[in-house]
Amino acid sequence: MADELLQRLQRFREQTFPGIRTRFQDLVREGQHPTILFIGCSDSRLVPYMLTGTGPGELFIVRNVGAFVPPHDGSAGYHGTAAAIEFAVLNLNVAHIVVCGHSHCGGIRALYDGAPAQATNLAAWLELGREAVLPVQVSPEALRRTEQRAVVLQLERLMDYPMVRERVEANRLSLHGWHYVIEEGEVHVFDVRRGGFIPASQSEHSGTGPHLPIEDAMGALFNEIDDAFAPR
Ligand SMILES: [Zn+2]
């Protein structure tokens, strides 16, 4: 049987690399200077480079199930995501942090359906999205709202990282909450002023932008969502 993965590696070296050799050599000589930390779900249908039109050297990426941010205090144990956030902010001085969830997220779905019994790490990890869960019957609308609430929760948790909060408050770093609707090719961006998610095609900015009273807006979003699902 042909080793397809090996063929792909060989094809990259022979066909793709020659066209971008100079770019990579520059990045080695000058080092990397990405301006965006992209925290995205691991879902294979979320392709950060395609969404943002970026290439090598432009995105510092960390991905995990659900695009979650662990608490800064280390109470959740070893966390590659927490380490990546500290490195991106303190060493790379990124100007933007994007938290990108998406439609049809298996991680969010699992908050309602549970994880397989053996998946003890997964079950523990999912707790980072627990607060986003709505006390309603699961439905496509409830899942979409939960996906969006989960993004906002992670932005909130990012603000607990001292180096993030300092830079946001000094207008040196902006946070962006995104919800990517796979089937529509549309990113909905979290708008602090309007307290909700706005399709990028109708938005005037790519996220919360410079420092704004982020907690107030999140409170507003949560109230709006809770109202929408309140029993009548
Ligand atoms: Zn996902």
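This report covers a zinc site, a loop residue and a helix pair in a predicted model.

## Basis

Residues are numbered from 1 along each chain as its sequence is written, and side-chain values use heavy atoms, without hydrogens or water. Local features need pLDDT of at least 70, and side-chain atom pairs count only at pLDDT 80 or more, while totals for chains, interfaces and linings use all residues.

## Zinc site

Cys 41 (SG), His 102 (NE2) and Cys 105 (SG) are the protein donors of the zinc ion, at 2.0 to 2.3 Å. Donors are N, O and S atoms within 2.8 Å of the metal (3.2 Å for Na, K and Ca); water is not among the atoms, so sites may look incomplete. The donor spacing in sequence is C-x60-H-x2-C. Cys 41 in strand 1 (residues 36-41) and His 102 in strand 3 (residues 96-102) are 61 residues apart and link distant parts of the chain. Strands are DSSP runs of E, at least two residues; helices are runs of H or I, at least four; both are numbered from the N terminus.

Cys 41 is buried at 5% relative accessibility, and His 102 is buried at 1%. Buried means under 20% relative accessible area, exposed over 50%, partly exposed in between (1.4 Å probe, protein chains only).

## Loop residue

Glu 184 sits in the loop between strand 4 (174-181) and strand 5 (186-191). Its relative accessible area is 57%, so Glu 184 counts as exposed.

Ala 142, Leu 143, Thr 146, Glu 147 and Ala 150 of helix 6 contact Ile 108, Arg 109 and Tyr 112 of helix 4. Contact means heavy atoms within 4.5 Å.
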